[in-house]
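Here is a short report on a predicted model.

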Amino acid sequence: MPAHHGPASGAPDGPLSPRARWARPSPAAAGAVLATGTLSVALASAGREVLSWIALVLACAGWVVLAAGFAVRVARRSGDPVTPAAPAAVAATAVLGLRLSALGRQRLAAALLALGAVLWPVLLVTAVRRGRRRGTPGSMFLSCAATEATAALGATLAAAWSVAWLAHTALVLFWLGLVLYCLALPRLDVRRLLTGAGDHWPAGGALALSALAGARLVTADGGGVYLWNGDDDGVLRAVTVALLVLALAWCVVLAVTEAVRPRPHHDGRRWSTVFTLAMTATAALDVATAAGLPWAGHLGRVLVWVATAAWLLVAAGTVRSRVGVRSTGRR
């Protein structure tokens, strides 16, 4: 579950013993699991099943390590496991549930939804309380992402099982997530767009996840269950498309600022960049189906490969940084 968030730099803290590494995952661990799980969903939506399975296995392995480390920290009471970035773990849990649901593993996906629903209020309240300061964009937007990911999984299971109350609950979470986004946006220091190490990217990723949740709510209406009347459905579709357009606009802004002010050095917070690209691709593919927008589908399939390339780059940087830490520790 939530990883301990390290120094502001996002760089490794230094060599740790195997026991310490088990109880204290790297600062970017939750972000890596979230990004990898999201990429798995995106690849599956684009029809790349083999690559999606590889990403899913990696994400599940990382999730298990996070969960074990979190349990150890709680059992030993070795520090507070809840940090401003902790909602990334809830979002990662829900995203894995989305992929498992697509594979027909509805009971397992429901178990992840239940787990996320239990952890979500505690982690959200704590993270928002600690993130109430300017210049902490990732933590605030991840609170929105955790809420919207839970809504998306709830809507997905509601469609699979034709359960109206679950869809209505997901709709409440969908609107709550948008409220959290509106509360987070004024706290974003725009200078971070030119200086941030990647933790500012969830400003776009949270919107993309909101669009995904909206698309899942739209498609949940049907299959023998009546959820929304015509006006409600029209509003939901319009908001969903608008959220996708805003998410795409954010990606353009973020990409331009990266080009204007390149930041080639590796930083663990770069997993937020991968998450945003992969989630935008996923949202575009889902909205294309839910709202009948072919252009969104074409764009989503292109973004899937952009997200895959970004994943490979960040993963390679992570491996190099860990190898460097080990080499330094042996000297």
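## Salt bridges

Asp233 and Arg237 join their side chains in a salt bridge, at 2.7 Å from N to O. The term means a side-chain nitrogen of Lys or Arg within 4 Å of a carboxyl oxygen of Asp or Glu. Both residues lie in helix α10 (residues 230–260), four residues apart, about one turn of the helix. Helices are DSSP runs of H or I, at least four residues, numbered from the N terminus. Asp233 is buried at 16% relative accessible area, while Arg237 is partly exposed at 32%. Buried means under 20%, exposed over 50% and partly exposed in between, with a 1.4 Å probe and protein chains only.

The whole structure holds six salt bridges. One of them pairs Glu49 with Arg99, with the closest N and O atoms 3.1 Å apart. This pair links distant parts of the chain: Glu49 sits in helix α3 (residues 49–76) and Arg99 in helix α4 (residues 87–102), 50 residues apart. Glu49 is partly exposed at 38% relative accessibility. Arg99 is buried at 2%.

Glu258 and Arg263 also meet in a salt bridge, 3.7 Å from N to O. Both Glu258 and Arg263 are buried. Salt bridges with shared partners join Glu258, Arg263 and Arg270 into one network.

## Helix α7

Helix α7 covers residues 164–184, 21 residues in total. At 1.5 Å a residue, the helix should span 30 Å, and its end C-alpha atoms are 30 Å apart, which agrees. The expected span is 1.5 Å times one less than the number of residues. The buried residues of α7 include Leu166, Leu173, Phe174, Leu180 and Tyr181.

## Aromatic pairs

There are three aromatic pairs in the structure. In Phe141 and Tyr181, the ring centres are 5.0 Å apart and the planes meet at 50°, so the pair is tilted. Phe141 lies in helix α6 (residues 137–161) and Tyr181 in helix α7, so the pair ties together parts that are 40 residues apart in sequence. Phe141 is buried at 0% relative accessible area, and Tyr181 is buried at 6%.

Phe174 and Trp175 form an edge-to-face pair, 5.0 Å centre to centre with 65° between the planes. Phe174 is buried at 0%, whereas Trp175 is partly exposed at 37%. Rings of Phe, Tyr and Trp (its six-membered ring) pair if their centres lie within 6.5 Å; planes under 30 degrees apart count as stacked, over 60 as edge-to-face and the rest as tilted.

## Basis

Residues are numbered from 1 along each chain as its sequence is written, and side-chain values use heavy atoms, leaving out hydrogens and water. In this predicted model, local features need pLDDT of at least 70 and side-chain atom pairs count only at pLDDT 80 or more, while totals for chains, interfaces and linings use all residues.

Methods
Helices (H or I, at least four residues) and strands (E, at least two) are DSSP runs, numbered from the N terminus.
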